[in-house]
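Hi,

Here is the structure I promised to pass on to you. Have a look at it first, and then read my notes below.

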Amino acid sequence: GATRDRSIIFTCFHSLFRFLREGKLERDFAFERGLAARFAQSSEGDGSFHRACALALNAEMKARSGLPREALKEFDSMTAIYKMENYSEDVKAVSGNLDVCALAMSRSALWFMQLGDEENAMKQYEYVIAALPAMKSTDAGEMHAILTPIISIARGKVGKRSEGFRVKKLYEVYVERHVRDSKVPFYVRNMTIILNSYEGSDRFDMTDADISWALSDENRQVSHDFDLFYISLGMSLNSLLAEVCLSSVYHRRDSPNLGAIIEKGLTMATFAGRSMKNNNTFIWANGRNRAVLSELQSIAKSIGFSPTLRLLGRAEESGSQRTKQRRSAFQLRAKKTLPHELLLKHDVVAFAGLTHDSLAKVFNKALAEDPNRQWKSIFVCYLADNLLDAFVSSDDKGENAIEIDNFKQKIAASKKELHSLLKERVGELHFYEVRQHCFFGSWFGWSEAGGYIHVSPSIWGVPVKVCPGKSYTWEANCLPGAEYTAYMHGIENILDAERSYSTILDIDDVDPSPRLSQRTMLNP
């Protein structure tokens, strides 16, 4: 009697949460939070899988309330009851083919991250991956949901080439394999495209079919109510589509539909942002979406494409164009400088330049603010002598303004000055001679989130120090963009001793000054 009556009530709770998750009921957080609390209260004393589900759902509501610590307490209570091998099939039967308890295991890694507890987050990350075979699920939608928090963390925190390859393989095995003989859900196809462009993937390419899919009417915006479930997993479906558009732009700049792709990406990212507006509990999904939106806006601006400008009056547009022209002219004339704040912020830095004749001044400026500053690694790359003649420029009279010998003198002075300044302040200080020139740049903490890369080309007949440049950042909670990744690989290839792009210089080639012992220096 009583047990059967409770089971009927529990089934009602499960059905309501399923309808909410699928967007069949209007999302109202106060209602959902109250529903989860009532489910938890009604299931007290019940040791079945219903109780475990109630705790998992209540944990989600606490996390969405900005209480990740309380969410983890509910999660701990759930794990004391839930046994995957015993309950998973029963949970899926009442929850609409989704094991909400297994999903809570995956979500909990994000909750640890929200608390700044990366150690336990990564332990949970690995635990979920190890548990995937035991789930024995053949439902692509369920496994997409369970893997989404894992993929979010892999992008934002692991940042290793091998990890991108790893999560792609997991997605292939546990999601893609189960949709090959049926219609592929739009979100699975979008995730597949993004994972294919991950660092470490065996396919770093955008096909014509991918471009067509990005613009397809089938691949369109989802409602806020439907998207909210995926946002809570760390990745908005609308933001995922925006990222497909961004990846299309990165890899297929030659597409005749470039403007349409950018516009669709901007629309999707903007809509996703509105779904998360003023909600600081969706930090992973929000951070990811902001990075995608910012990059799309930057690309749109760089090619002169801006849907917003078309809404402005002619006078405003003309004024904006004049300001942009003045700003561009100023940037071309201005001498580039390396911000010393970046040297104070990052412990690992690298530079590839022509003479680096002003680099010591930037370090001195940083040391003036922090006289005790030490760095872990500094790498300074110069061009080999046979490459220097490409950079001899002419003044208005047609005379050589900078001769090869002057380059060599500046390079020698720069090496000596930097070595003298930094040798006691750096754990690993190396100078390189680059044998194959592609571009110049500066890299600050480039191999992890928060990294910053500035690059600039060398342009025929234009002095190097006034060539235009572009900067890239690795946003928190995201994997780096494709362009950032390409330039990151560039510096890593230069610094790789097994590659043929450069040679590490011997210290006598850097600073030929006689080496005096400490005793000699103290007793001249």
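**What I found**

Let's start with some strands: 3 bridges join E3 to strand E7 (residues 502-504), and these two run antiparallel. Tyr432 stands opposite Ile504 in E7. Strand E2 (residues 375-383) is joined to strand E3 (residues 426-434) by 8 bridges, and that pair runs parallel. There, Val380 has Phe431 in E3 as its bridge partner. As for the terms, two strands pair if DSSP finds at least two bridges between them. Helices (H or I, at least four residues) and strands (E, at least two) are DSSP runs, numbered from the N terminus. Keep in mind that in a regular strand the side chains alternate between the two faces of the sheet.

Before you go further: this is a predicted model, where local features need pLDDT of at least 70 and side-chain atom pairs count only at pLDDT 80 or more, while totals for chains, interfaces and linings use all residues. Residues are numbered from 1 along each chain as its sequence is written, and side-chain values use heavy atoms, with hydrogens and water left out.

**The whole protein**

The protein has 22 helices and 7 strands. Of its 524 residues, 48% count as buried; buried means under 20% relative accessible area, exposed means over 50%, and partly exposed is in between (1.4 Å probe, protein chains only). The accessible surface comes to about 26000 Å², and 49% of that belongs to carbon and sulfur atoms. Those areas come from the Shrake-Rupley method with a 1.4 Å probe, and for residues only the protein chains shown count as cover. Among contacts (heavy atoms within 4.5 Å) with a separation of 6 or more, 70% are between residues 24 or more positions apart.

**The cores**

Which residues touch the most other members of the largest nonpolar core? They are Met78, Tyr82 and Cys101, in a core of 87 residues. Helix H6 (residues 100-114) gives the largest share of this core, with 11 residues. A second, separate core of 47 residues includes Val349, Phe363, Phe407 and Trp446. By nonpolar core I mean a set of buried Ala, Val, Leu, Ile, Met, Phe, Trp, Tyr and Cys residues joined through side-chain atoms within 4.5 Å. In soluble globular proteins, nonpolar side chains tend to be buried together.

Leaving out residues up to four places away in sequence, Tyr82 touches Ala52, Tyr87, Ser88, Val91, Asp99, Cys101, Ala102 and Met105.

Not counting residues up to four places away in sequence, Ala36 touches Phe17, Leu57, Asn58 and Met61. Its C-alpha atom is separated by 8.2 Å from that of Leu55, which is 19 residues apart from it along the chain.

**Rings**

The structure holds 18 aromatic pairs. Rings of Phe, Tyr and Trp (its six-membered ring) pair if their centres lie within 6.5 Å; planes under 30 degrees apart count as stacked, over 60 as edge-to-face and the rest as tilted. Phe186 and Tyr187 make an edge-to-face pair, at 5.4 Å centre to centre and 80° between the planes. Phe186 is partly exposed at 22% relative accessibility, whereas Tyr187 is buried at 12%. Tyr472 and Tyr487 form a tilted pair, with 5.5 Å centre to centre and 40° between the planes. This pair links distant parts of the chain, with Tyr472 in strand E6 (residues 470-473) and Tyr487 in helix H20 (residues 482-495), 15 residues apart.

Phe186 and Tyr187 also belong to one aromatic cluster with Phe226, Phe229 and Tyr230. The charged end of Arg21 sits over the ring of Phe229, 6.0 Å from its centre. Likewise, Lys415 has its charged end over the ring of Tyr382, 5.3 Å from the centre. For this, NZ of Lys or CZ of Arg must be within 6 Å of the ring centre and within 35 degrees of the ring normal.

**Two positive phi values**

Most residues other than glycine have a negative phi, and most peptide bonds are trans. Lys136 is not a glycine, yet has a positive phi of about 50°. You'll find Lys136 in the loop between helix H7 (118-135) and helix H8 (140-158), and it is exposed, with a relative accessible area of 70%. His356 also has a positive phi, near 55°. His356 sits in the loop between strand E1 (348-352) and helix H18 (359-369), and is buried at 12%.

Cheers
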